[in-house]
Structure formats: structure tokens, C-alpha cells
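Then let's walk through some of the side-chain contacts together.

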Amino acid sequence: TNDAAAIQRAFDAAAKISGTVVWPARTCAASTGLVLGGDPARASFVGIRGATSNNSILKWTGGTSGVALTISHNKYFKIEGLSVLNGVDRGTTEGVQLTGPLTVGTQTLAGQFDRVGVSGFNIGVQVGVAGGKAASELQWTFLSLNDNDIGLRTGDQNTLDQQFHMLLCGNNVICVQHTTGELWVDGGSAS
């Protein structure tokens, strides 16, 4: 089944009240990309709380050029206990993309990721997108990147300040491809 419409409705409802979406302890499939936030008129403050990254799973079943989860124009949020897995050929897929709808500036800001896993994509996590769509001041605790071509990539000149506590990398061609700003890694298999 494709759970994308129900998940997107939950994301949109949470954005209206600056809430947190509680992810069930099961695998939910999405064949169309999901967007957390994304309103160009105002920033969102929406989080996701899963049971554990082993039990709360978003499985990408869409095309080989899609993005499973886009976090856009979202600030002061927490994503925890969630895994994003690719269920199709990797092609140019991305597991998680942090960006925004505006033309310039830091658009996704001050997020916390705790016990998040991303596996099987061309790019596991894309932080910031070229052209001024930056994502900055992010804290990653127990981020697990496995079997991606690139585990995590920063992609905008204004994407700054990425802090990792226990960065876990397994079987990625490149664990982290970082081009600009500060990046700290404290512990884990990539330290």
C-alpha cells in the first residue's frame, strides 16, 4: 500500500499547530515524496517522533529519481526514532533533503535528529540545496547512514554548522561530502 497521502495529511495538520507527528511502530510506504513544512509564507515548527529507528520506518517505493522526505522551511524541530529506507533501484534518489521554498538564505534551521537511519539511496541526506536554499545549525545524534552512494552531503554555500554525536557509517561509497561551513564529529564509526 501507498501511505503517502495519509502521512502528508498528518504533516500538514501538524504544521498548522506547530505539532509533532507520532510515527507508528511499523513500515509505512510512500511512492510520492513527502514534505514536512514547505510553506513559503511562514516557517513551520514540525517534528516527527517514531517508536525506534528499527520499528518506525518510511520505505521509499517511488521512482529512481525522487526524494522520500523533504524537510522544507522548518525550524526548531526534532526528528527522532525514524528510519528512511529505499525500496527501489537507487538511481538519483535521496532519502532526506533539507531545503526551503525561498530563493535565498537559511531556510531549515536549528533541527535535532536523534536515532535516525537512512539506507540504500544515491544520497542518504542532502543538507541544503545549491542556489541559496541552506540548512544550518543542525544537531545529529546517532545518525546511521548505510549502503548509500553518499551518506550525507552539504550542498549550499550558506549551509553551516553541522554537529554529529555518534555518526555511524556502514558501506557507503562516501560517508560525508562536506563543502562549506563548520562540521563537528564526536564519536561513531566515522570519527
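**Rings, sulfurs and charges**

In this predicted model, the count of aromatic pairs comes to 4. Start with Phe 113 and Trp 140: their ring centres are 4.1 Å apart and their planes sit at 10°, so this pair is stacked. If you're wondering how that label works, planes under 30 degrees apart count as stacked. Now look at where the two rings come from. Phe 113 belongs to strand β10 (residues 112–119) and Trp 140 to strand β13 (residues 138–146), so the pair ties together parts that are 27 residues apart in sequence.

Trp 140 has another partner to show you. Its ring and that of Phe 164 have centres 5.9 Å apart and planes at 15°, so this pair is stacked. Here Trp 140 in strand β13 is linked with Phe 164 in strand β15 (residues 162–170), 24 residues apart. Phe 164 is buried as well, at 1% relative accessibility.

Next, the sulfurs. How many disulfides does a search of the whole structure find? It turns up 1, and that disulfide joins Cys 169 to Cys 175, with an S to S distance of 1.8 Å. Cys 169 counts as partly exposed, at 21% relative accessibility. Cys 28, at 3%, counts as buried.

On to the charged side chains, where the count comes to 4 salt bridges. One of them pairs Glu 80 with Arg 115, whose closest N and O atoms are 3.4 Å apart. Glu 80 lies in strand β7 (residues 78–86) and Arg 115 in strand β10, so this bridge ties together parts that are 35 residues apart in sequence. Glu 80 counts as buried at 16%, whereas Arg 115 is partly exposed at 30%.

Arg 115 also meets Asp 114 in a salt bridge, 3.8 Å from N to O. Asp 114 is buried, with a relative accessible area of 18%. Through shared partners, Glu 80, Asp 114 and Arg 115 are joined into one network.

Finally, find the salt bridge between Arg 90 and Asp 149, with the closest N and O atoms 3.5 Å apart. This one links two loops: Arg 90 is in the loop between β7 and β8, and Asp 149 in the loop between β13 and β14, 59 residues apart. Arg 90 is partly exposed at 28%, and Asp 149 is partly exposed at 24%.

Terms used. Residues are numbered from 1 along each chain as its sequence is written. This is a predicted model: local features need pLDDT of at least 70, side-chain atom pairs count only at pLDDT 80 or more; totals for chains, interfaces and linings use all residues. Side-chain values use heavy atoms; hydrogens and water are left out. Rings of Phe, Tyr and Trp (its six-membered ring) pair if their centres lie within 6.5 Å; planes under 30 degrees apart count as stacked, over 60 as edge-to-face and the rest as tilted. Helices (H or I, at least four residues) and strands (E, at least two) are DSSP runs, numbered from the N terminus. Buried means under 20% relative accessible area, exposed over 50%, partly exposed in between (1.4 Å probe, protein chains only). A disulfide is a pair of cysteine sulfur atoms within 2.5 Å.
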